[in-house]
Every structure is written in structure tokens, then in C-alpha cells.
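This report walks through the side-chain contacts and local backbone features of one protein model. Please keep the sequence and the 3D view open while reading.

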Amino acid sequence: MRGQRCFAADALLPTGWAKNVSLQWDVDGRLAVVEADAAPLPGAELACGPLIPGMPNLHSHAFQRAIAGLTEYRGQSVDGGQDSFWSWRTLMYRFASRLGPEQLEAIALHLYVEMIEAGYTSVCEFHYVHHDSDGRPYADDATLALALMRAAQRAGIGLTLLPVLYQTSGFGGLPPNDGQRRFIRSTDSMLRLLERLKPLCEAQGAPGVEGAPSVRLGLAPHSLRAVPPDGLREALAGLHAIDATAPVHIHIAEQTKEVDDCLAWSGQRPAAWLLDHAPVDARWCLVHATHMDADEYRRAAASGAVAGLCPTTEANLGDGIFDLPAWRAAKGAWGIGSDSHICVNAAEELLMLEYSQRLGTRQRNVAAAAAQPQVATAMTLAAVQGGAQAAGRAIGGLAVGQQADFVVLDAAHTALAGLPAADMLSSHVFASHRTSAIDSVWIAGRPRAQAARHDLHDSAAAGFIAARRQLLDAP
Ligand SMILES: [Zn+2]
């Protein structure tokens, strides 16, 4: 029975830290027993440190992993002599134009291995490079989506696949530019792609499929600047006909320029426009949602949507600071994503989020709560819950019916050794100094990383390095 039972002296359940926790899961990796103050079941794997829920990564553009670190210099600018998101995007487009399916799979496989080793157990892939380098659909239109699905399956990470609808280069239906030729789709062609992918996603995540965590299909209208109102309405109606419960993710209000352009186009800020014109509810993930006014924070939270926060990418791109206190005051759900993959580490994402809040509010432990004063514990629980909701998958922590996705912290790590469990998690997040304090990572009840390493660690890294070299050397 090895691999279907686990016992931990300390485990972080949705209600908080518990002692002597016995876990048991079924053949599909779904938790059937979660019992505190229990004795180990016969044959149970004994966790060598505190057990925390696996973190869903709610926002990823896999191919961007290959340019992480390559845009850290002052380049030419499009907005008044300041380097910003928009100059980063120019470089990203140049790189995206050279990508092929083998390279995408190699980059994504390495990325997903990195994610697992860093405590992420599932990923929402916001997938917008659809066509070949000339902008023509591949003979099989799903070619690049399938490359991502293969990478996720090989790594063993759970997947929510979000094909991206991208139609215009700016508000008011501005025609796409040449750098966007690989992203552009009609609404009809997007719905045909979803219909093609749906049975494949269901098959990969079907009960009993050996070693495959579930795959969920959703849709990502890229942003209000890239999808005009008609396209948005028709795509949502089409998605509803395919799967009325499918997740919907959208970039919203990431930069002030986007807010200004939206105001000029519609007289409304992006989040306000979206809330007035789309059926935003708990299926939705509002990615970034950085620049909202007080009313937008209140209304967006009340819609039930998850705020998709990507703190290290938002810091890297100079986007601005999400108002977490306002969001939490409105009882908004939130989760974390590694987005551009400038950092692939769930603990560091939480660290960056909390530190940005401290710098903005000149207070400490901003994300703690009266019921959960330990800030790392409070953030982990909130981000797992919000991330699971955004993923549209049963990955919401250590509870019966949820997938057995969990991380065992390394209790022998110098930063953690000898501390109570909650302080171990705090040290993992705030004081492990970019060294991993993770021992093992389990997804759907299977160990995917042990002694902090995935089986494919070396081969995936070699494939990634070769693919990045090819892309850099391409004419
Ligand atoms: Zn993004």
C-alpha cells in the first residue's frame, strides 16, 4: 500500500495546524481519510517534516521561462524614456516569434519540473501562442496546446489549460500588429479549438489513468485591450455551451496605461467595465487586478472572482502594488501565479506579496488574520483555496474529496530544525534564503519530487538549455 497512506506529526489542514494527521487516498489520488490526533495506518509513509497543502500556480505563460533574466537591462522605451512592461513585451514578442512545438514542450517540461520542486502541484496555463511563426494555423490547430499537455503529463503536474482569445492590439478594435500574429484567433476558431481539446483534457485526467493528475479546460480572454466586446460576449456564450462551469481567466488592470486607455475608450476603468459587461462570478480569475479603485475592489470581490496575484512578476515589470488589505476587507479570494517565471517558487511569491504590502502600508504581517496570526500559514491557506477555485479542480488542500497534493517540508533544514511546525513554515517562506526547505512533493498521491528533486530534473534542464540556445541563435 506504499504511496496511498501518509502520516505526519504536523499537517496544515484547512482549519489550521493539526497534530498526528493520518491521510489516505484512493487509486485516483483523491483523499478519502484526513484524520487528526490519529495513529499511523499500517504501511503509511511517515512524513519527515510538516505537511502543507500543494500550492496551485494560477497563472503561467510557460514559454516566457526562456526569457527570464534576459530583460534586466535598460532598453529602448515606448513610453517617455522609462523602461517598463511595454519594453519588456517587445522583447517577449521577438522571442515568441521563433518558438516551435518541440521547444515549447522542452521549456514547459523543465518549468513544470521546477514548479514541482518549488512547491507548486498544479498550474493554470494561460496559453496564447497558437500558430506557426508566420501566423498560420498549424495543420493540427491544437499543436502547441498539445505540447503543453504532454509537458504537464510528463512532469506529473495538474493542469488547467486556458487557450487565450486574442484579437486586437488595443481598445476600440485596433488591428493586431505583426508581433501578435501567432496569437490571433476568430471567436469561431477558438470555440472549435476548445471543442477539440475538451475530450483530450478529459481523457488525460480521467479516473484510473495511470499517473495523470486531472486536466481542466477553460478559456482566457486575454484582456479588454485584446478582445472587443462582441468577441468577449460570443466566446463566453460558446464556452457556456461547451462547459457552463469552466474557469475563465483574464488579465485586468495590470498597468496604469491600460487603465488610461480603457478610460479613453469607454469612460470606465477596466475592472468596472468588465463587471458591468460580463457575467463575472466565482468561475473567474482576474489576473493582476492591480489598478482598481475602492469601488472596483469592493465589487470585484463581491462577484466571487479570484484575484490572480503574481507578485514577483508584477515587481519585475514595475506594475504596481495590489491593495491586499482592501481586497481582504471585501472578503475577496486570491491566489498566486508565477506568470513570467522570473521566479518559480511558491514560498518566494508569498514573501514578495507580503513584503510589497509592508512597504506600501508601513506595517508588518499584513496578510495575517485574527483567526490565523501566523502570516505564512494564513497566506498559504488563502492562496491554496483561491488557487484551487481559479483552477476549477479539486485541489483545495488537505480535506476529504480533494486531490492528495501536498508538500513535506524538510525538518532537518538549518532554517527549520527544532522549531514548532508553524514557525517552520514561516522560516520556509521568510528565512530560507532562496535555498529549498522542501523535502518531497506529492501530486494526486504520488511522490513527484523526493529529496527536493524530480526524477526528470537533469534531463528536463538539458532540454531547456538546448531549446533556449536554439531560440537565442535563431535568425
Ligand atoms: Zn500573464
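His341 sits in the loop between strand E14 (333-336) and helix H11 (346-361). The model is a predicted one, and in it the phi angle of His341 is near 65°, a positive value in a residue other than glycine. His341 is also buried, with a relative accessible area of 2%. Ala289 is placed in the loop between strand E12 (284-288) and H8, and at 1% relative accessibility Ala289 counts as buried.

**The zinc site**

The zinc ion is coordinated through the NE2 atoms of His59, His61 and His251, at 2.0 to 2.2 Å. Along the sequence these donor residues follow the spacing H-x1-H-x189-H. His59 belongs to strand E6 (residues 55-60) and His251 to strand E11 (residues 248-252), so the pair ties together parts of the chain that are 192 residues apart in sequence. His59 has 0% relative accessibility and counts as buried, and His251 is buried as well, with a relative accessible area of 6%.

**Salt bridges**

Side chains of opposite charge can pair when their charged atoms come close.

| Arg154 | Glu105 | 2.9 Å |

The salt bridge between Arg154 and Glu105 links distant parts of the chain, with Arg154 in helix H3 (residues 143-155) and Glu105 in helix H2 (residues 101-117), 49 residues apart. The two partners can be described separately in terms of solvent accessibility: Arg154 is partly exposed at 45% relative accessibility, whereas Glu105, at 13%, counts as buried. Both residues also take part in a network of salt bridges that links Glu105, Arg150 and Arg154.

Asp281, at 29% relative accessibility, counts as partly exposed.

**Aromatic pairs**

A search of the whole structure finds 14 aromatic pairs. In one of them, Tyr128 and Tyr166 are tilted relative to each other, at 6.5 Å centre to centre and with 35° between the planes. This pair links distant parts of the chain, since Tyr128 is in the loop between strand E7 (120-127) and H3, and Tyr166 is in the loop between strand E8 (158-165) and helix H4 (187-204), 38 residues apart. Tyr128 counts as buried at 4% relative accessibility, and Tyr166 counts as buried at 2%.

The rings of Phe406 and Trp442 have their centres 5.4 Å apart and their planes at 15°, so the pair is stacked. Phe406 lies in strand E15 (residues 406-409) and Trp442 in strand E16 (residues 438-443), a link between distant parts of the chain that are 36 residues apart. Both Phe406 and Trp442 are buried. Ring pairs also join Phe63, Tyr93, Tyr128, Tyr166 and Phe183 into a cluster, and this cluster contains both tyrosines of the tilted pair.

In soluble globular proteins, nonpolar side chains tend to be buried together. Here the largest nonpolar core has 135 residues, among which Tyr112, Leu274, Trp284 and Trp334 touch the most other members. The largest share of this core, ten residues, comes from H2. A second, separate core of 16 residues includes Val21, Leu23, Trp25 and Phe406, and Phe406 is also a member of the stacked pair with Trp442.

Terms used: Residues numbered from 1 in each chain as written. Predicted model: local features only at pLDDT ≥ 70, side-chain atom pairs only at ≥ 80, totals over all residues. Heavy atoms only, no water. Salt bridge = Lys/Arg side-chain N within 4 Å of Asp/Glu carboxyl O. Helix = DSSP H or I, 4+ residues; strand = E, 2+ residues; numbered from the N terminus. Buried < 20%, exposed > 50% of the residue type's maximum accessible area, 1.4 Å probe, protein only. Donors = N, O, S within 2.8 Å, 3.2 Å for Na, K, Ca; no water. Phe/Tyr/Trp six-rings, centres within 6.5 Å; stacked < 30°, edge-to-face > 60°. Core = buried A, V, L, I, M, F, W, Y, C linked by side-chain atoms within 4.5 Å.
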